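Biologist: I have a structure to learn from. Can we go through it together, step by step?

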There are 2 protein chains.
Amino acid sequence: MSEKISYFMKKYQDRIESLLLDVFPKELSCDPTVKASMYSLLAGGKRIRPVLMYMVAEMLGIELSCVDDFAVAMEMIHTYSLIHDDLPCMDDDCLRRGKPTCHIAHGEAFALLGGDALLNRAFERVLLSVSKNPNTIKAACCFAENTGILGMIGGQSIDLASEGKKIETGRLCELHEKKTGALINASCLVPYYIYAAEKGEDKSLYDLIRRFSSGTGLGFQIKDDLLDVQADQQVLGKSTGKDQRDNKSTFVTVFGESTAQKMLDDTYGDVYDALDELSSRGFDVTVLRQFSDVLQNRVQ
Amino acid sequence: MSEKISYFMKKYQDRIESLLLDVFPKELSCDPTVKASMYSLLAGGKRIRPVLMYMVAEMLGIELSCVDDFAVAMEMIHTYSLIHDDLPCMDDDCLRRGKPTCHIAHGEAFALLGGDALLNRAFERVLLSVSKNPNTIKAACCFAENTGILGMIGGQSIDLASEGKKIETGRLCELHEKKTGALINASCLVPYYIYAAEKGEDKSLYDLIRRFSSGTGLGFQIKDDLLDVQADQQVLGKSTGKDQRDNKSTFVTVFGESTAQKMLDDTYGDVYDALDELSSRGFDVTVLRQFSDVLQNRVQ
């Protein structure tokens, strides 16, 4: 990884980590177990969605402070979705990032409530942003649509309904466009909507960012599926070969490893094309290009 | 029940029922099982919170259309909280309003996701309101705070943490102020904040509405606890004597039936005082007074 991209990733990761700490002020009065459950938010992770949001904001010349509340809210949504996904009635996972999952540590009921609380608190944050800066209302609506039944939750539902069934290619793509893609889309589009509120709508710019984010979301999922069969279990930090065992429909179990690898390369071809076009419009895409390279070639 | 209050209750109930139908437009593309789970929203109920919201709006001279989105969102929040509350890891209830609970009908995973989807969609609605009418942003923030960890979810957490334990009076009141009271507060304060955005903040009006809503919330819970020991099981539509069996801390199990009855009367004394003061300020409180009478003397 080049020094430049390491510098920027660390800069944005440090920014989001310090903002996440503020989600739980000392005076937040609530039951200690539900608070502990909500603390899953601080259990680490690569913070890819907030990092991406900051990178797109900087490319567009938006003040990072304008997207801070959305970056925090995004990570809260991502965390609650993991807590609920790990529950026995869903994936029934005991380990997450090498530690006991939320319901193992705090019980199912508090994991359920802690997840609900994070989801609700994400929107408290989004509304705080809108009350401070009414220019962020379109960004807020885009955020909400992508986290809900038309976005991430919609994808989780298709995933659940498809378990153990043969799934068509179109349906597999819809599943992942929503389940993984929707939050990545929102992470890229929130800065666009704030930009547009200040400088006016720009359909072709929107389309380019949408192309970049769609490719990034799809690529992220294909890479995840490939890592399940290619990665070193120690490096990955979770068990490998799990998708096949769990009878999951993934790009690898449906298309096979080599086709999935080709799909990944094609998808990233499209990501880089979108970045080239953004560059030719005068935007500095150096950081986003290097970050895409990091995502495409990650080993965990 | 007088003809007047029956007329108004039916008017507001009909209004909310027809709005709730629109939550699921035909073109809403999602998995049919999660949609069926979300349809719990349409399974009836007294719609007390939206009805109260409309009554306070009319008292304040606010157009009902200004609170419609919040009324819908409120009922979505109430429904998701019931779905999640009924799950095996929470209250493990099989029946709700005489029908199988959501997880019995659609499985635990879809009940979990359907609940999440309703919670998220409530905020999609709230944000839609803000985007149509920026004057509703303070109402939206009040709504979000009352549904979250500082409100309803906070109350559910205290409830869960208190199960099977002796609970202090102050803690019991905090539990119910949050668990039941927060949504009722928000139902009354949303119209106030819209009024205030149009006509200016009015601290003494806020205090009166807050007094009315606090009493209404507390009274609602004490009455619920009394019905558990006083009601006819057939009329109530759910099993009675359940609180004692489940080792729940309620106003009846903690204070005894006669003290709880006195607390109910005192609480409604305060509710009527607040209404009298609102009336002396020139607001027409006839409907709210009759509705309070209905709530205080309900048999189910």
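Biologist: How do H15(A) and H16(A) run, roughly parallel or roughly antiparallel to each other?
Modeller: This is a predicted model. The axes of helix H15 (residues 257–280) of chain A and H16(A) cross at roughly 175 degrees. Angles over 145 degrees count as roughly antiparallel. Therefore H15(A) and H16(A) are, to each other, roughly antiparallel.

Biologist: Which residues in H16(A) meet H15(A)?
Modeller: The axes of H15(A) and H16(A) come within 10 Å. H15(A) brings Tyr268(A), Val271(A), Tyr272(A) and Leu275(A). The contact of H15(A) with H16(A) has 5 nonpolar, 2 polar and 1 charged residues. On the H16(A) side, the residues are Leu288(A), Arg289(A), Ser292(A) and Gln296(A).

Biologist: How does H11(A) lie against H16(A), roughly parallel or roughly antiparallel?
Modeller: Helix H11 (residues 203–230) of chain A packs on helix H16 (residues 286–296) of chain A, with axes 10 Å apart. Their angle is about 25 degrees. Angles under 35 degrees count as roughly parallel. So H11(A) is, to H16(A), roughly parallel.

Biologist: How many charged residues are in the contact of H11(A) with H16(A)?
Modeller: From H11(A) come Thr216(A), Gly219(A), Phe220(A) and Lys223(A). They meet Ser292(A), Leu295(A) and Gln296(A) in H16(A). By class, this contact has 2 nonpolar and 4 polar residues, and the charged count is 1.

Biologist: Now chain B. What is the crossing of H3(B) and H10(B), right-handed or left-handed?
Modeller: The axes of helix H3 (residues 48–60) of chain B and helix H10 (residues 181–199) of chain B come within 8 Å. They cross at roughly 30 degrees, so H3(B) and H10(B) are roughly parallel to each other. The crossing in which H3(B) passes H10(B) is right-handed.

Biologist: Which helix gives the most to the side of chain B that touches chain A?
Modeller: Here 39 residues of chain B are in contact with 40 residues of chain A. Helices H2 (32–38), H6 (108–132), H7 (137–147) and H8 (152–162) of chain B each supply at least two residues of that side. By class, it holds 24 nonpolar, 9 polar and 6 charged residues. The helix that gives the most, with 15 residues, is H6(B).

Biologist: What relation superposes chain B on chain A?
Modeller: A rotation of 180 degrees superposes chain B on chain A, with 0.0 Å of shift along its axis and RMSD 0.0 Å. The same surface serves both copies, as 100% of the contact residues of chain B recur in chain A. That rotation, therefore, is the relation of a two-fold axis.

Biologist: What ipTM does the model score?
Modeller: Start with chain A: its mean pLDDT is 93, and 97% of its residues reach 70 or more. For the model, pTM is 0.96 and ipTM is 0.95.

Note on methods:
Residues numbered from 1 in each chain as written. Chains lettered and ligands numbered in written order. Predicted model: local features only at pLDDT ≥ 70, side-chain atom pairs only at ≥ 80, totals over all residues. Axes fitted to C-alpha atoms, helices over the stretch in contact; angles between N-to-C directions. Helix = DSSP H or I, 4+ residues; strand = E, 2+ residues; numbered from the N terminus. Parallel < 35°, antiparallel > 145°, perpendicular 65-115°, else oblique. Contact = placed C-beta atoms within 7 Å. Nonpolar A, V, L, I, M, F, W, Y, C, P; charged D, E, K, R; others polar. pLDDT = per-residue confidence, 0-100. Left-handed = near helix turned anticlockwise from the far one by under 90°. Least-squares fit on C-alpha atoms with pLDDT ≥ 70 in both.
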